[in-house]
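Hello,

Here is the structure we spoke about, with its sequence. Please open it and keep it beside this message while you read the notes below.

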Amino acid sequence: MRVRRCPTVLLLALVASLAVPHTAGAQTPANNAPLSVSLPPSFHVTVGFAHAGWSDAALSGANGISVTVSRRFAGPVQVAFDFASLSGNTLAGSGVEAARHYLVNAVVAVAPRLTARGHLVQPELGAGIGALASAPAADSLTTRSQNTWELVAGVDVGVAGPFTLGLAYRHVSVRLQDVATPGPTIPSKSVSANVLEARVGVRF
């Protein structure tokens, strides 16, 4: 004998089955794990010792500190701001005078992230523009500011966690102005500086 079930009874049975909690699914550890997102470091800050050697034999080498702040822009491309405070001398009249140079540049570089034996290795190659302010030690002389452009090559290696060690070379071209000549029109001389930099840094 066939038993015909009422559609209303079937519908109630379906609703009841869906209302029953699935205890097996609730006990799965993966369902309780918090959502986390891991992003690679975007910023790199370095502090180092820099030495500049001038193409003009009258100018002695300049030494000082350097600071670089760089940020990943897109893919292997990064933008950076470099600052260096170097103690040396500058052109003054027919000779030179002791002076401190403040070098600031904005740089765009290609800096791919590579791995060698478990360490992050990041070479860089780029170009930038900026300014060089030459402040003579003698108060009677005038501080001069001149535009610069530079080529950059370097490498940074991860050593422990976010910390890095690196070396950089900068070729800086500038028309160095005479600090002993007053007035808006100042004699200048086209020179270049080869800047070598040893640095330590941190990524975050």
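**What was found**

Searching the whole structure, which is a predicted model, turns up one aromatic pair. Its members are Phe43 and Phe204, with ring centres 5.6 Å apart and planes at 15°. Planes under 30 degrees apart count as stacked, so this pair is stacked. Phe43 belongs to strand E1 (residues 43-54), while Phe204 sits in the segment after E9. The pair therefore ties together parts that are 161 residues apart in sequence.

Phe204 has a relative accessible area of 52%; the limit for exposed is over 50%, so Phe204 counts as exposed.

Next, the inside. The largest nonpolar core has 16 residues. Trp54, Leu86, Leu132, Leu176 and Val195 have the most contacts inside this core. Two or more of the core's residues come from each of these elements: E1, strand E3 (77-92), strand E8 (163-177) and E9.

Leaving aside residues up to four places away in sequence, Val195 touches Ala50, His51, Ala52, Ala168, Tyr169, Arg170 and Val172.

Last, the surface. Which residues make the nonpolar patch of about 440 Å²? They are Val47, Val159, Phe163, Leu165 and Val200. Of these, Val200 is found in strand E9 (residues 188-203). Val200 is partly exposed, with a relative accessible area of 46%.

Regards

Terms used:
Residues are numbered from 1 along each chain as its sequence is written. This is a predicted model: local features need pLDDT of at least 70, side-chain atom pairs count only at pLDDT 80 or more; totals for chains, interfaces and linings use all residues. Side-chain values use heavy atoms; hydrogens and water are left out. Patches are made of residues with over 30% relative accessible area and no salt bridge: like charges are joined within 9 Å, nonpolar side chains (Val, Leu, Ile, Met, Phe, Trp, Tyr) within 5 Å. Accessible areas come from the Shrake-Rupley method with a 1.4 Å probe; for residues, only the protein chains shown count as cover. A salt bridge is a side-chain nitrogen of Lys or Arg within 4 Å of a carboxyl oxygen of Asp or Glu. Helices (H or I, at least four residues) and strands (E, at least two) are DSSP runs, numbered from the N terminus. Buried means under 20% relative accessible area, exposed over 50%, partly exposed in between (1.4 Å probe, protein chains only). Rings of Phe, Tyr and Trp (its six-membered ring) pair if their centres lie within 6.5 Å; planes under 30 degrees apart count as stacked, over 60 as edge-to-face and the rest as tilted. A nonpolar core is a set of buried Ala, Val, Leu, Ile, Met, Phe, Trp, Tyr and Cys residues joined through side-chain atoms within 4.5 Å. Contact means heavy atoms within 4.5 Å.
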